[in-house]
Amino acid sequence: MQAIYLILFGFILYTLGYLFYSKYLAEKVFSLSDENKTPAQEINDGVDFVPTNKWILLGHHFTSITGAGPIVGPAIAVIWGWLPALLWVVLGAVFIGAVHDFTALVTSVRHKAKSVGTILGEYAGSKARVLFLLLILSLAILVNAVFAYVISVLFTKFPTSVIPAWLVIPLAVLFGLGVYRLRVNFLVLTVIFLAVLYLGMYVGTLYPVDVTPIANAFGLSPIMFWIIVLFIYAFFASSLPVWVLLQPRDYLNGLQLIILLILLYAGAVVLNPTVVAPAVNPSPEGAPPMFPFLFITIACGALSGFHALVASGTSSKQLAKESDARLVGYLGFLGESSVALIVIIATTAGIALFSADKFSQLYSSWSAINKSSMVAVVEGGANLLSGLGIPLEFGKTIIATLIVLFAATTMDTSVRIQRYILNELGEIYSIKPLQNPWLASGVAVITSMALVLSKEGGTGGMVFWPVFGAANQLLAGLSLLVGYLYLRRVNKPTLPVVVPMVFVILITSLAMAINAWNNFLKGDVLLFITSSIILILEVFIILESVKAVRRESYS
């Protein structure tokens, strides 16, 4: 099987899904109409509620939802074979993931741009709202634990990425100052800063940074050293005004991602490598069963509940017209799915371009790939870039840097979300310390860092990936539940939302329950408690929602 056939399969289905299925959702299910004023039009405060050009908003939404998730998950899941991963990424995106994002966006717009948690509170009561906040809080802690480990591994395995990854921070701050305070031409700044960033990648290739001596001086491994440094950074970064770092960094990262995606797909087409991974490998050594764990290992890229927080948190406040939701919500997710697709190609075909047995080495067992999945992505992607004449070492630096930047952005956003939730819970229960933003950020960082450092001295962060994936998918199922409650109330067709909702909730609940039981049998108390808490929160949220539906039915 040649890589070109995987690309054609994915993009033909993406095209058909957007042209036909998203049109059906827009016209028949949600009845989008530009006669309806959006919250951005009604409020238009120039701060949060701003009617935005649909293409600009698409860029913001795409950048905000695309973190390291669609890279990490598929890179691990191809151990079960390229075919199951491909089908879940592409079909899951068209019929579930993009439907989820579109539903969350439109439902929020129809509720004055409120978050999915607040909307659930309106339908199912304040208790369900608090439980939903706690579920999001649990997910955010897991996000930080996993991605801190991913970044630390990349810094250790690819020290050439250290200089360009940290260079982005002062560049983003200067970019924000230039745009928002000095009013420098936006396009000119973009060209200059991208040029400096790529120069930084070249410098990083020449001068790799190895922190082993510094880490050893403190009695730490390099991975533990980087984990601590990253959480110190996240504490301050998540507390800065968004225009200082978050927005300009997202913008620069988004441009890099688009450029890199174009180059990777171009390299894949030029080289058209052979897929060396087996089509299906149901029983890899030490791996959990493919069903149902495939569906939580590949979370982002096929479906992500985290996106509902973006769709209902920022994007819904900037939608200029209801009809724009189809482009922003549905097509935006297909863009993220295309990232997962190229990761599948890089790890199953690109990785073997210069070493036929490289795939079998990296994917020899479940424990092996949990340690080397990012190596497979970076080296496989660099091999694809070499088809365009880009030197291998420089290609590795580019890809490793981009993964680091997106994982760091996800950490920043996640800590920020934790702070917001702790502030909100502090207001609900009149706990004044939690209402302090700095204290709330401190609690967020300490809980996340304690979680990742609790496993094998910081080297076992990836053991939390199945728990993160399941929590993320459960959040997606509950976000679809909010969409269902809305469609039911306005007497619109609910089947396109109900089917994915039921599938996601059942499959991820099963995976989470199996995971919790296995951890109990192994005596892993921390993972057992973490999985159990998330399952219990989900069950009570569903019960509260069912009670709300029954009350409406009898009223």
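Me: Is Glu-322 buried or exposed?

Reply: Keep in mind that this is a predicted model. Glu-322 counts as buried, at 4% relative accessibility.

Me: Which side chain does Glu-322 meet in a salt bridge?

Reply: Arg-110, with 2.9 Å from N to O. That pair links distant parts of the chain, 212 residues apart. Arg-110 is in the loop between α5 (82-109) and α6 (116-124), while Glu-322 is in the loop between α14 (306-313) and α15 (324-348).

Me: And how accessible is Arg-110?

Reply: Arg-110 is partly exposed, with a relative accessible area of 25%.

Me: How many salt bridges does a search of the whole structure find?

Reply: Eight. One of them joins Asp-412 and Arg-249, at 2.7 Å from N to O. Here too the pair links distant parts of the chain: Asp-412 sits in helix α18 (residues 392-428) and Arg-249 in helix α12 (residues 246-271), 163 residues apart.

Me: Asp-412 and Arg-249, buried or exposed?

Reply: Asp-412 is buried, at 0% relative accessibility, and Arg-249 is buried too, at 2%.

Me: What about Glu-379, which residue does it form a salt bridge with?

Reply: Lys-358, with the closest N and O atoms 3.4 Å apart. Glu-379 belongs to helix α17 (residues 366-385) and Lys-358 to helix α16 (residues 358-362). Both Glu-379 and Lys-358 are buried.

Me: Which residues do salt bridges with shared partners join into one network?

Reply: Arg-249, Asp-412 and Arg-416.

Me: OK, switching to rings. How many aromatic pairs does the structure hold?

Reply: It holds 23. Take Tyr-21 and Tyr-24: their ring centres are 6.1 Å apart and the planes are at 20°, so the pair is stacked. Those two are three residues apart in helix α1 (residues 3-29), separated by about one helical turn. Tyr-24 counts as partly exposed, at 34% relative accessibility.

Me: What aromatic pair does Phe-155 form with Trp-166?

Reply: A stacked one, 6.2 Å centre to centre with 25° between the planes. Phe-155 lies in helix α7 (residues 126-157) and Trp-166 in helix α8 (residues 162-180), so the pair ties together parts that are 11 residues apart in sequence. Phe-155 is buried at 2%, whereas Trp-166 is partly exposed at 25%.

Me: Which residues do ring pairs link with Phe-155 and Trp-166 into a cluster?

Reply: Phe-225, Trp-226 and Tyr-233.

Me: Last one: which residue lies over the face of Tyr-18?

Reply: Arg-326, at 4.8 Å from the ring centre.

Terms used:
Residues are numbered from 1 along each chain as its sequence is written. This is a predicted model: local features need pLDDT of at least 70, side-chain atom pairs count only at pLDDT 80 or more; totals for chains, interfaces and linings use all residues. Side-chain values use heavy atoms; hydrogens and water are left out. A salt bridge is a side-chain nitrogen of Lys or Arg within 4 Å of a carboxyl oxygen of Asp or Glu. Helices (H or I, at least four residues) and strands (E, at least two) are DSSP runs, numbered from the N terminus. Buried means under 20% relative accessible area, exposed over 50%, partly exposed in between (1.4 Å probe, protein chains only). Rings of Phe, Tyr and Trp (its six-membered ring) pair if their centres lie within 6.5 Å; planes under 30 degrees apart count as stacked, over 60 as edge-to-face and the rest as tilted. A charge sits over a ring if NZ of Lys or CZ of Arg is within 6 Å of the ring centre and within 35 degrees of the ring normal.
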